[in-house]
Amino acid sequence: QVQLVESGGGLVQAGDSLRLACKASGRTVSVGSMAWFRQYPGKERDFVAGISWRSGSTRYADSVKGRFTISRDYAKDTLYLQMTSLKPGDTAVYYCGAGYPLEGTYRHDYEYWGQGTQVTVSQ
């Protein structure tokens with residue numbers, strides 16, 4: 001079993017930056033990839049960025065390419081999402097996920113989830 005806890009969300013203005021973190025614990029040796037998803041009110045949870053846990057290979061949704069950077073500290077079992085040039089459309093609850101596939105981009109690729117952290121971007 002893997003436990004995930006997100007942190008770093010908050011209220012910022014358009015154009016600002018924010019960094020999210022996700023601390024993993026438990027049987028992390030079995031994790032193939034970790035990712036950030038986001039969910040708007042009343043909508044499904046969507047893929048934002050993913051990283052192969054051991055190799056560090058990254059994947060991004062088109063909407064965040066060039067603005068967001070996903071990274072991990074393998075030794076500390078911690079995932080990060082550095083967000084820059086934030087827009088009101090980035091406002092959502094952001095979730096950290098961990099799963100067994102090496103390059104997961106779908107919700108069902110991720111077995112474990114954090115509690116979510118709210119990001120709100122004002123004009």
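**Entry 1**

I began with E6, which I found in strand β1, a stretch covering residues 2-7. I keep in mind throughout that this is a predicted model.

Is E6 buried or exposed, and what charged partner lies nearest? I looked it up and found that E6 is buried yet has no salt bridge, since the nearest side chain of opposite charge, that of R45, is 6.9 Å away. For a salt bridge I would have needed a side-chain nitrogen of Lys or Arg within 4 Å of a carboxyl oxygen.

I then checked what polar atoms the side chain of E6 meets instead, and I noted that the backbone nitrogen of Q115 lies 2.8 Å from a polar atom of this side chain. The backbone nitrogen of G116 also lies 2.8 Å from a polar atom of the E6 side chain. Leaving aside residues up to four places away in sequence, I listed what E6 touches, and among them are A21, C22, W36, Y94, C96 and T117.

**Entry 1: the disulfide**

How many disulfides does the structure hold? I counted 1 disulfide, and it joins C22 to C96 with an S to S distance of 2.1 Å. C22 lies in strand β3 (residues 18-26) and C96 in strand β9 (residues 92-99), so the pair ties together parts that are 74 residues apart in sequence.

I also looked up the torsion about the S-S bond, which is about -75°, so I recorded this disulfide as left-handed. C22 is buried, with a relative accessible area of 0%, and C96 likewise counts as buried at 0% relative accessibility.

**Entry 2: the nonpolar core**

I next looked up the largest nonpolar core, which has 29 residues, and the ones with the most contacts inside it are L4, M34, W36, L79, L81, M83 and Y94. The elements that give two or more residues to this core include β1, β3, β4 (33-39), β8 (78-83), β9 and β11 (117-122).

D77 has a positive phi of about 55° although it is not a glycine, and I placed D77 in the loop between β7 and β8. S85 has a positive phi of about 50°, again without being a glycine, and its place is in the loop between β8 and β9.

Key. Residues are numbered from 1 along each chain as its sequence is written. This is a predicted model: local features need pLDDT of at least 70, side-chain atom pairs count only at pLDDT 80 or more; totals for chains, interfaces and linings use all residues. Side-chain values use heavy atoms; hydrogens and water are left out. A disulfide is a pair of cysteine sulfur atoms within 2.5 Å. Helices (H or I, at least four residues) and strands (E, at least two) are DSSP runs, numbered from the N terminus. Buried means under 20% relative accessible area, exposed over 50%, partly exposed in between (1.4 Å probe, protein chains only). Lys and Arg count as positive and Asp and Glu as negative; His and the chain ends are not counted. A polar contact is a pair of N or O atoms within 3.5 Å; within protein, one must be able to donate a hydrogen and the other to accept it, and residues adjacent in sequence count only if both atoms are side-chain atoms. Contact means heavy atoms within 4.5 Å. A nonpolar core is a set of buried Ala, Val, Leu, Ile, Met, Phe, Trp, Tyr and Cys residues joined through side-chain atoms within 4.5 Å.
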